[in-house]
Amino acid sequence: MMSFHADQQEQQPMQLPNNKSTFRHNSPLFQVVVIGLVCFCCPGMYNALAGIGGFGQVDPTASNNSLTALFATFAVVGVLGGGINNILGPRLALFSSCLTYVLFVASFLYYNHQQKQGFAIVAGAILGVGAGLLWAAQGAIVTSYPPPDRKGTYISIFWCLFNLGGVIGSLIPFFLNFHRSRATSVNDATYIGFMCLMSAGALLSLAILPPGKVVRDDGTLCTNKNQYSNVCTEAVEIVKLFMNWKMLLIFPGAWSSTFFYTYLFNNVNGVLFNLRTRGLNNLVFWGAEMLGSVGIGYLMDFSFKSRRTRGFVGIGVVSLLGTAIWGGAFANQLRYSRHDLPDKKLDFAGSGVDFAGPFLLYFSFGLLDAMFQSLVYWILGCLANDSETLGRYAGFFKGVQSAGAAVAWQVDAKKVSFMSQLLVNWSLTTVGYPLLVVLVMLAVKDDNNTEEGTTKEEVTLPPSANHPDSVN
């Protein structure tokens with residue numbers, strides 16, 4: 001099937017004189033680090049709070065309903081997000097989306113006092129809009145800005161910074177609730193701390209440059225377009241995503257990629273461990289994400305000369321690891337059920353050997369999550385090179401991912417058995433692997449210049465294009 005971006009094949013990438021400094025404001029590395037820090041502050045902190053189960057509440061009903069609203073709107077705006085980002089530009093899209101994270105956490109601070117779900121559900125729906133915009137902008141940046149032979153490395157840099165937010169964020173409920181071994185809900189200071197860090201993320205987003213002003217070290221621009229897109233163009237291109245065979249092959253993997261969060265956060269961490277230990281588990285989970293992203297990033301960039309071979313090996317490694325981890329989760333789930341809960345919550349300081357197995361399982365899921373999602377981003381980055389196309393691809397991926405998450409949170413809200421949730425998660429994850437193999441086989445080429453939106457020819461810009469004012 002011909003790519004819907006075939007009309008852009010005639011457009012040639014522009015080239016500027018070589019830039020000696022890699023860590024300059026308009027370099028891909030600097031911009032990837034900035035988007036990593038933005039995600040450190042916003043979705044990273046969100047993940048830290050979500051990971052302790054029920055967003056810090058003893059009864060997860062309010063969080064389940066708010067997250068259903070969140071991922072329902074995220075699913076829609078996620079698919080549209082790539083187009084919206086192409087129209088608004090990444091700076092405005094990111095700044096506005098960061099503020100929605102602050103509002104969402106504020107709704108749970110309110111819930112701590114009023115025990116009314118309405119605010120949390122509305123804030124969840126608004127956050128879904130913001131998250132759709134944020135992740136579309138993020139996807140375009142981390143997949144289109146890096147040099148073609150270092151996409152895995154740049155993705156792992158982003159993933160480490162992003163998940164460092166989960167690590168640091170997990171320290172907030174861990175320390176603020178350390179002496180509350182019998183506590184059920186987190187205290188107000190926990191929510192306020194998260195809101196402050198998320199506000200800092202909104203300010204950091206203002207350092208993001210338009211794609212047309214980002215220049216690689218070899219002098220090539222990350223995009224050959226200096227103007228943002230328009231509504232009509234983006235509407236047509238987004239509709240075409242649903243007829244793009246590459247996106248259809250990635251659909252099952254996208255759907256399952258965070259579907260398991262509900263089961264893991266609520267029904268493993270939330271059920272088996274007390275509050276302070278859930279904070280510790282969260283810290284280790286997001287730390288494992290950092291390790292997993294570094295490992296898969298190295299594999300996808302440096303393991304074999306052939307890019308397609310690296311793709312096949314990456315899928316093989318992740319699928320084998322995933323099968324082993326889900327097998328361990330199955331063995332763990334045989335020990336308890338929704339109607340036969342453990343008599344006592346596990347505590348890292350007092351449960352001894354009983355704590356070790358579930359703790360290791362939780363750590364392993366962090367490895368798997370980072371490796372799978374980084375692998376998918378690497379594959380997406382091999383399908384095109386220009387930021388507009390990859391913004392749409394990333395938006396589609398996040399939209400489908402969020403639709404799956406919306407269903408998962410509501411499944412748990414309906415009190416579906418833990419074992420049924422586990423088996424559905426395991427099955428969905430397994431289905432995605434062979435389809436990714438087909439995608440790599442048919443769409444990933446060893447020649448970087450065969451990607452959509454690129455050619456081997458170059459265009460030299462006038463000297464004025466390299467004036468310092470052009471990148472500020």
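The questions and answers below go through a predicted model and set its computed values against the criteria behind the terms.

Q: How many helices and strands make up the secondary structure of the protein?
A: The secondary structure comes to 15 helices and 2 strands, and of the 472 residues 59% count as buried. Of the contacts with a separation of 6 or more, 86% are accounted for by residues 24 or more positions apart. The accessible surface comes to about 17,500 Å², with 67% of that area belonging to carbon and sulfur atoms.

Q: What makes Glu234 and Arg392 a salt bridge?
A: The criterion is a side-chain nitrogen of Lys or Arg within 4 Å of a carboxyl oxygen of Asp or Glu. For Glu234 and Arg392 the closest N and O atoms are 2.8 Å apart, and the pair therefore counts as a salt bridge under that 4 Å limit. Glu234 belongs to helix α8 (residues 231–241) and Arg392 to helix α14 (residues 387–413), so this pair ties together parts that are 158 residues apart in sequence.

Q: Why are Glu234 and Arg392 called buried?
A: The word applies under 20% relative accessible area. Glu234 has 2% relative accessibility and so counts as buried, and Arg392, with a relative accessible area of 1%, is buried as well.

Q: What makes Glu388 part of a network with Glu234 and Arg392?
A: Glu388 forms a salt bridge with Arg392, the closest N and O atoms being 3.7 Å apart, a value that lies within the 4 Å limit. Glu388 and Arg392 both lie in helix α14, 4 residues apart, or about one turn of the helix. An α-helix has 3.6 residues a turn, so residues three or four places apart point the same way. Both Glu388 and Arg392 are buried. Salt bridges that share partners join Glu234, Glu388 and Arg392 into one network.

Q: Which parts of the structure does the salt bridge between Arg338 and Asp412 tie together, and are these residues buried or exposed?
A: The side chains of Arg338 and Asp412 meet in a salt bridge with an N to O distance of 2.9 Å. Arg338 lies in the loop between α12 (307–333) and α13, and Asp412 in helix α14, so the pair ties together parts that are 74 residues apart in sequence. Arg338, at 18% relative accessibility, counts as buried because the limit is under 20%, and Asp412 is buried at 3%. In total, the structure holds 4 salt bridges.

Q: How do you know that the length of helix α13 is close to what is expected?
A: Helix α13 (residues 353–383) has 31 residues, and from its first C-alpha to its last it reaches 47 Å, which is close to the 45 Å expected at 1.5 Å a residue. The expected span is 1.5 Å times one less than the number of residues. As 24 of the 31 residues of α13 are buried, the helix is largely enclosed by the rest of the structure.

Q: How do the span and the cover of helix α14 compare with its number of residues?
A: The 27 residues of α14 should span 39 Å at 1.5 Å a residue, and its end C-alpha atoms are 38 Å apart, which agrees. Helix α14 is mostly covered, with 23 of its 27 residues buried. Lys415, with a positive phi near 65°, follows α14.

Q: What lines the largest cavity?
A: Rolling a probe the size of a water molecule over the atoms shows where empty space is left. The count comes to 3 cavities of 30 Å³ or more, and about 300 Å³ of space lies in the largest cavity. The lining of the largest cavity holds 26 residues, of which Tyr46, Asn47, Trp135, Tyr261 and Lys398 lie nearest its centre. The largest share of that lining, 5 residues, comes from α14, and the helices that each supply at least two residues include α2 (43–51), α3 (61–88) and α13.

Q: Why is Asn47 called buried, and which residues is Asn47 in contact with?
A: Asn47, found in helix α2, counts as buried at 8% relative accessibility, since the limit is under 20%. Leaving aside its neighbours within four places in sequence, Asn47 is in contact with Phe162, Asn282 and Trp286.

Q: Why does Gln333 count as buried?
A: Gln333, found in helix α12, has 2% relative accessibility and so counts as buried. Apart from its neighbours within four places in sequence, Gln333 is in contact with Tyr263, Phe418, Met419 and Leu422.

Notes
Residues are numbered from 1 along each chain as its sequence is written. This is a predicted model: local features need pLDDT of at least 70, side-chain atom pairs count only at pLDDT 80 or more; totals for chains, interfaces and linings use all residues. Side-chain values use heavy atoms; hydrogens and water are left out. Buried means under 20% relative accessible area, exposed over 50%, partly exposed in between (1.4 Å probe, protein chains only). Contact means heavy atoms within 4.5 Å. Accessible areas come from the Shrake-Rupley method with a 1.4 Å probe; for residues, only the protein chains shown count as cover. On a 1 Å grid over the protein atoms alone, a cavity is a set of points where a 1.4 Å probe fits but cannot get out, and a pocket is an open set with protein on both sides within 12 Å along at least five of seven lines; lining residues have an atom within 4 Å of a point. Grid points are joined across faces, edges and corners, and a volume is the space filled by probe spheres set on the points.
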